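Have the sequence and the 3D view open as you read.

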Amino acid sequence: LLAGLIPAEIFPSAPEEALKAQAVAARGELLSKIGTRHIGDPFRLCSQTHCQVYAGAGHETARTTAAVEATRGEVLFESAGALADPVYSANCGGHTENNENAWPEMQALPSLRGHRDADKKAGDPYTAGVTGGNVAAFIASPPPSFCGRSRLGAGDRFRWTVTRTQDELEKLMGKYRLGPIKTIEVLERGVSGRARSLRVTGATRSEVIRGELRIRQAFGNLRSSLFVVEVQAGSAVFRGAGFGHGVGMCQTGAIGMAEAGRNYREILRHYYPGTALRKLW
């Protein structure tokens with residue numbers, strides 16, 4: 001299963017150590033999801049993003065299969081001994097997120113604490129997190145990050161700008177019956193600066209939208225909810241960072257770390273702090 005999954009989830013041309021880190025994370029994801037999803041369905045896991053993308057045997061590659069074999073049976077565990085849930089996303093934008101901020105129904109896990117996607121450095125203004133007060137600067141002038149310097153998966157996944165025209169906004173917000181949009185205000189942000197709730201105010205009324213995924217979907221599937229937004233002449237301009245929920249391993253950052261000479265164990269320790277890697281079979 002992993003042989004057909006890894007090449008669908010990360011660039012097969014990524015450095016070997018990044019592929020190994022991905023193999024361990026994906027294996028842990030599979031084990032943590034079995035028995036918790038698709039209860040009542042005649043299968044344990046699906047082949048979509050909901051469970052992890054499986055492209056099939058026809059998409060296996062020699063490099064990704066080698067990474068699966070090189071880490072055979074290796075699984076991450078929390079410091080307390082429980083099986084870790086090593087989730088991951090495409091590009092964290094320079095700062096990962098706490099798991100409960102992405103999924104409020106999920107208990108806070110020690111291994112999934114949001115932190116800078118860089119080596120610790122004195123004087124880093126974002127060590128304590130990205131806030132409403134510094135998020136604009138974080139996006140406009142990105143600090144050094146593993147996911148920003150990677151040769152794969154950076155670019156418009158690391159920083160991006162998207163404009164939704166007045167007509168597009170009216171269609172997207174139509175179900176809320178707000179009238180012409182006047183303002184979009186972020187009310188809560190997670191430790192990475194990702195929006196957790198925001199208020200959209202139109203000519204007739206306001207609506208609060210909660211949840212980072214719902215926020216992304218509400219505005220036409222934005223790359224992430226780590227953004228600042230300005231309404232100009234009825235259109236909304238989103239300036240953002242990252243691609244995905246930002247929890248756990250940043251796949252682009254893993255590539256950047258591997259390019260910098262870090263091995264897969266170091267990559268896993270960076271993205272899943274406090275975990276132990278054990279070989280079960």
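Is S141 buried or exposed? S141 is exposed, with a relative accessible area of 53%; exposed means over 50%, buried under 20%, and partly exposed in between, using a 1.4 Å probe and protein chains only. S141 lies in the loop between α5 (135-140) and α6 (146-149). Helices (H or I, at least four residues) and strands (E, at least two) are DSSP runs, numbered from the N terminus.

A word on the source: this is a predicted model, where local features need pLDDT of at least 70, side-chain atom pairs count only at pLDDT 80 or more, and totals for chains, interfaces and linings use all residues. Residues are numbered from 1 along each chain as its sequence is written, and side-chain values use heavy atoms, leaving out hydrogens and water.

Now to the cysteines. The whole structure holds zero disulfides, a disulfide being a pair of cysteine sulfur atoms within 2.5 Å. Two cysteines are set out here:

Finally, an open sheet of three strands runs in the order β4-β5-β6 with antiparallel pairing; two strands pair if DSSP finds at least two bridges between them. β4 (181-189) and β6 (206-210) are the edge strands, each with a single partner, so one side of each has no neighbour in the sheet. β4 and β5 (residues 195-202) pair over seven bridges, and T183 stands opposite T201 in β5.
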